Amino acid sequence: MDKQADVIGRLQAIFREELDLPNLQISPQSTPDDVDGWDSLATIRIVAAVEREFDREFEAAQIENIRSVGDLISMIAA
Amino acid sequence: MPQPTAGDIERTRNLSGSGVADLVRLAQYEWDAGGLRRLAIGLSAVQDSTGQSGLQAVRVLLLSNSTARHLKETLIGTGLRHGLRVDVMISEYEDPEVLLGRDGDGIAAFGPDIVVLAMDVHAFGLRPAPGNPEAATAIADRALERLRAIRERIGSSLKKPVVFQTLTPDPAHVRLHVDRLIPGSHVDLVGRVNAGLSEFVRSSGDLLLDVAMLSERTGQDNWHSARHWALAKYPFAPENAPLYAEHLVRLVALKFGKSRRVLVLDLDNTMWGGIVGDDGKENLLLGPGSPIGEAHCALQAMAKELRDRGIVLCVSSKNEESVALDAFRTHPEMVLVEEDIAVFQINWTDKAANLQALSEILSLGLDSFVFLDDNPAERAQVRFALPQVAVPEVPKDVTEWIPVFQSACYFEATGFTAEDRDRAAYYRADARRTAQLKSFARQEDYLQSLDMELQVNPFDAIGRKRIAQLISKSNQFNLTTRRYSEVDVATAEADPRRITMQMRLSDTFGDNGMIGVVIADVGTDAIEIDTWLMSCRVLGRGVPEATLDLLVARARELGKGFVRGVYVPTKKNMMVADHYRNLGFELTGERPGGETAWELSVNAYQDKKPPIRIRDAVGAL
């Protein structure tokens, strides 16, 4: 659980920075509909930041299917 | 450009309340897209539409056939670096012909100052017709016709300059060595369009953003990101956005008269290897025979090529004028000749003051200056005092300078004219008429920012070799030029009646190494300075003042009333002739040959306290 909390913490920092929302609180259930400014281009930015942060590279098919923060978490965990 | 430090990055995260000047200063670093976005957001919080910010407002209309929205903040942040407040209107995924027809009113309301036709190879297809020269010509002509038609459309409705882009090949097409041999291959088609486009832009007076050049420099495989094209139709990989923006904004800035026209060159370890005042003309590294000597020659050749493009060359060097000029004029491997240089400033004035004076002599704004110097502290001083001046952050190794310098493309121009060709010559003539420079001081803040620390130790076995080396090599800042061998140094080390000091200076840029040596004798009523020398690299940083504070402290601890010193002139140490006078000593004697004796009263002395932290391990005897 600690590990997941750590991942969410790091993701939250990325979302705050990329969306310029310093007080944003995210959860695995957060979706583009709930978060201001999370559009498809923001997804690309967020993914780029996640790739840097976690030293990973994701496939286009995975990126295209991101529907929530939870999807990102599973991608990172995979 | 220098890399931002962790502190700079943190600053961009807390920009609220920052002024435009802070933002412009921060913008001088090499930021990624995230950093530029934070600067753009910082700028948007600055409410100033009246032009008081000192930024030039520029409206850019960018027409892209692919995704471009993500470039907006990158462009705005980059604009700050060039003194521009960029406002961007972007049209994506659309044919410019359609947009200009449909949204003419909206565009007119926006009122662009410049139009960027950000059309990449995808906008033209350029489907290969291998082995078919007629088809190749037709395909390329069709693309060029389209660009001309768009240009006319913009011209009739907006009458604004247009930035065209060269094309870089679509990585989806076959790429083989043989492609260049096959008329109608994709590479051949791209080449034809670029050639036709260049010719068209040359005659229309528009601007050309050579994306093909940028992509070649980056490597075409790195320029594109197939994944990002597939995911979001990015015309190039997102990490190249800052580079693209930098070059595009620089072209835009050219249209507003912001161009670099002056290259100011340092001499020692920049135009040649070595320090002419210390090493002597005959020992400079210049010319064939050593990689360093060849690199300095290559730099000179590059400067000469720039001069032939109309760039004004100046020299600013801390040196004895006669010595440095002699080397410049008579060294057989010099590529640059005296006539290539508009103004020589060979003096001991700080570089920022010199540049300021150059700007007045040449009547050119400091924002048209580029300053090339091997010394990171000099670079930092100029950046700090004159943020308008471009100061390339060159690597330590001079053999690697040229690619770094060239990649910055400082001297971008809209074209080339006969006047450009002759410009360097008339600036030189102008400069000769203009008055001498005057030095001015605004050093305090700069020195403070260096966060200097002086480590002072008595002579010891570890330092011995370097101390002896400094004693044998230092000529210019050397009050007596008494030479001592390593054994002499060891003897002084063990002598209880001598005070010995080896000094190292570190600053925010790192360790400058051992930069000073003092040997003094403890007399009956005074400390008598036998040797006082310093590396010229740290001139003007307050080290002599700090050293004197230490010597006086030592005299006080020992109950001595005076500090005494002599100046023994040599051919090379004229620069310290007034060293003791400048520090507040009284002249007590003069001998034939120019030797002078000086004395300072300890009781009357007030510590000078230059902005340097002292770590003193010498202590009283």
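Visitor: How many residue pairs does the rule find in polar contact across the interface of chain B and chain A?
Guide: The rule finds eight such residue pairs, both residues of each being at pLDDT 80 or more. The model is a predicted one. On the side of chain B that touches chain A, two elements give two or more residues, namely helix 3 (33–44) and helix 11 (226–232) of chain B. Helix 11 of chain B gives the most to that side, with four residues. By class, the side of chain B comprises four nonpolar, three polar and five charged residues.

Visitor: Why is the pair of B:Arg13 and A:Glu17 called a salt bridge?
Guide: The closest N and O atoms of B:Arg13 and A:Glu17 are 2.7 Å apart. The cut-off for a side-chain nitrogen of Arg and a carboxyl oxygen of Glu is 4 Å, and the pair is within it, so the name applies. Between chain B and chain A the count is six salt bridges.

Visitor: Which residues of chain B lose the most area to chain A?
Guide: Chain B and chain A bury about 1,100 Å² between them, with 52% of it on carbon and sulfur atoms. In chain B, the residues that lose the most are B:Arg37, B:Arg227 and B:Leu231, which together account for 52% of what that side buries. The contact takes twelve residues from chain B and 13 residues from chain A.

Visitor: How do you know that strand 11 and strand 12 of chain B pair?
Guide: Nine bridges join strand 11 (residues 498–507) to strand 12 (residues 510–522) of chain B. Pairing requires at least two bridges, and therefore these strands pair. They run antiparallel, and B:Ser506 stands opposite B:Asp511 in strand 12 of chain B.

Visitor: What makes strand 12 and strand 13 of chain B a pair?
Guide: Seven bridges join strand 12 to strand 13 (residues 526–534) of chain B, where at least two are required, so these strands pair too. They also run antiparallel. One bridge partner of B:Gly516 is B:Met534, in strand 13 of chain B. A hairpin of three residues joins strand 12 to strand 13 of chain B.

Visitor: Where in chain B is the pLDDT below 50?
Guide: The mean pLDDT of chain B is 87, and 94% of its residues reach 70 or more. Over residues 433–441 of chain B, however, the pLDDT is below 50, and this stretch has 15 contacts in the model beyond near neighbours in sequence. Where pLDDT is low, predicted coordinates should not be read in detail.

Visitor: What ipTM and pTM does the model score?
Guide: The model scores ipTM 0.85 and pTM 0.70.

Conventions:
Residues are numbered from 1 along each chain as its sequence is written. Chains are lettered from A and ligands numbered from 1 in the order in which they are written. Side-chain values use heavy atoms; hydrogens and water are left out. pLDDT is the predictor's confidence in each residue, from 0 to 100. Contact means heavy atoms within 4.5 Å. Buried area is the accessible area (1.4 Å probe) that two parts lose on being put together, summed over both. A polar contact is a pair of N or O atoms within 3.5 Å; within protein, one must be able to donate a hydrogen and the other to accept it, and residues adjacent in sequence count only if both atoms are side-chain atoms. Ala, Val, Leu, Ile, Met, Phe, Trp, Tyr, Cys and Pro count as nonpolar, Asp, Glu, Lys and Arg as charged, and the others, Gly among them, as polar.
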